[in-house]
Amino acid sequence: MIDLQDVRFRWRPQDAPVLDIPSFTVAAGERVFLAGPSGSGKTTLLNLMGGVAQAEAGHVEVDGIDLSALPGAARDALRAERIGFIFQMFNLIPYLSVLDNVTLPCRFSRARSDAARAAAGSVEAEAERLLRHMEIGQPALLHRPAAALSTGQQQRVAVARSLIGRPRLVIADEPTSALDRDVRRAFMELLFHEIEAAGATLLFVSHDETLAAQFGRTVKLAEINRAGGAGEAGA
């Protein structure tokens, strides 16, 4: 599902590399925990895999497609169709309702829209199912603007949005950072259940290594990144 070979990234030509990764692979269906402290380059690496950023050198392949060979619009289309992204800062559209935020990926991908309809009869019905499973499906919340939700509620909406339409790959960037211990445990159970139901691959990135035991494989970014993540703040 993910194949990185000789990947290097730096913010400016005169800077030291943030990432210098000889090899990193994730098989289809794997649940991989990628660990690293803040500033180690985790978010930058996810942006490369999601086609948000481009490596200066090397090979970044996702689901059999070489992202480094694609123009920006094609990378955006691939991300919309095949990747569910749970962003560290959620990236919900504050003035849209909870329901509209969750269904948003289906507006940009026919494949995900068709998959949502196949699962529940309509895109909206599948969004509501996911929200109920994330324990935020109360009718009073569905049409509330995302900005009116608590941080924990926004986090669950972001997860539902990433899962709608059953993308082949889900990339999660510190998705439990705003949750307390009890809520985090329930959240992880719900996330794993939906990942399994969708048959998706999960790459979960966090500095909280207490979560690692729940995954099939743990990778420490420092062990695959020769650059050591120098020069990146807050990631």
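User: Are Phe204 and Phe215 buried or exposed?
Analyst: The model is a predicted one. A residue counts as buried when its relative accessible area is under 20% and as exposed when that area is over 50%. By this criterion both Phe204 and Phe215 are buried.

User: Which kind of aromatic pair do Phe204 and Phe215 form?
Analyst: A pair of aromatic rings is described by the distance of the centres and the angle of the planes. For Phe204 and Phe215 the centres lie 5.0 Å apart, with 45° between the planes. Planes under 30 degrees apart would count as stacked and those over 60 as edge-to-face, so the class of the pair Phe204 and Phe215 is tilted.

User: How many residues apart are Phe204 and Phe215, and where does each lie?
Analyst: Phe204 belongs to strand 8, whereas Phe215 is in the loop between strand 8 and strand 9. The pair thus links distant parts of the chain, and its separation is 11 residues.

User: Which parts of the chain does the pair of Phe192 and Phe215 tie together?
Analyst: The rings of Phe192 and Phe215 are 5.2 Å apart centre to centre, with 75° between the planes, an edge-to-face arrangement. Both Phe192 and Phe215 are buried. Because the two residues are 23 apart in sequence, the pair ties together helix 8, which holds Phe192, and the loop between strand 8 (201-206) and strand 9 (217-220), which holds Phe215.

User: Which residues are linked into a cluster by ring pairs?
Analyst: The count of aromatic pairs comes to 6. Phe215 pairs with Phe192 and also with Phe204. The cluster linked by ring pairs consists of Phe33, Phe192, Phe204 and Phe215.

User: How far apart are the closest N and O atoms of Arg117 and Asp114?
Analyst: Arg117 and Asp114 are 3 residues apart in helix 4 (residues 110-120), which means that about one helical turn separates them. Arg117 is partly exposed at 43% relative accessibility, as is Asp114 at 36%. A salt bridge requires the atoms to lie within 4 Å, and the closest N and O atoms of this pair are 3.9 Å apart.

User: What is the relative accessibility of Glu126?
Analyst: Glu126 and Arg129 both lie in helix 5, about one turn apart, and form a salt bridge with closest N and O atoms 2.9 Å apart. Arg129 is partly exposed, with a relative accessible area of 27%. Glu126, by contrast, counts as buried, at a relative accessibility of 1%.

User: Which elements give two or more residues to the lining of the largest cavity?
Analyst: The search finds 1 cavity of 30 Å³ or more, and the space in the largest cavity is about 50 Å³. Its lining includes Glu126, Arg129, Leu163 and Ala198, and by class it has 4 nonpolar, no polar and 4 charged residues. The elements that each give two or more lining residues are helix 5 (123-133) and helix 8 (181-198).

User: What is the volume of the largest pocket?
Analyst: The largest pocket is lined by 15 residues, with Arg79, Ala80, Phe87, Pro105 and Arg161 nearest its centre. By class, this lining has 8 nonpolar, 3 polar and 4 charged residues. The volume of the largest pocket is about 330 Å³.

Notes
Residues are numbered from 1 along each chain as its sequence is written. This is a predicted model: local features need pLDDT of at least 70, side-chain atom pairs count only at pLDDT 80 or more; totals for chains, interfaces and linings use all residues. Side-chain values use heavy atoms; hydrogens and water are left out. On a 1 Å grid over the protein atoms alone, a cavity is a set of points where a 1.4 Å probe fits but cannot get out, and a pocket is an open set with protein on both sides within 12 Å along at least five of seven lines; lining residues have an atom within 4 Å of a point. Grid points are joined across faces, edges and corners, and a volume is the space filled by probe spheres set on the points. Helices (H or I, at least four residues) and strands (E, at least two) are DSSP runs, numbered from the N terminus. Ala, Val, Leu, Ile, Met, Phe, Trp, Tyr, Cys and Pro count as nonpolar, Asp, Glu, Lys and Arg as charged, and the others, Gly among them, as polar. A salt bridge is a side-chain nitrogen of Lys or Arg within 4 Å of a carboxyl oxygen of Asp or Glu. Buried means under 20% relative accessible area, exposed over 50%, partly exposed in between (1.4 Å probe, protein chains only). Rings of Phe, Tyr and Trp (its six-membered ring) pair if their centres lie within 6.5 Å; planes under 30 degrees apart count as stacked, over 60 as edge-to-face and the rest as tilted.
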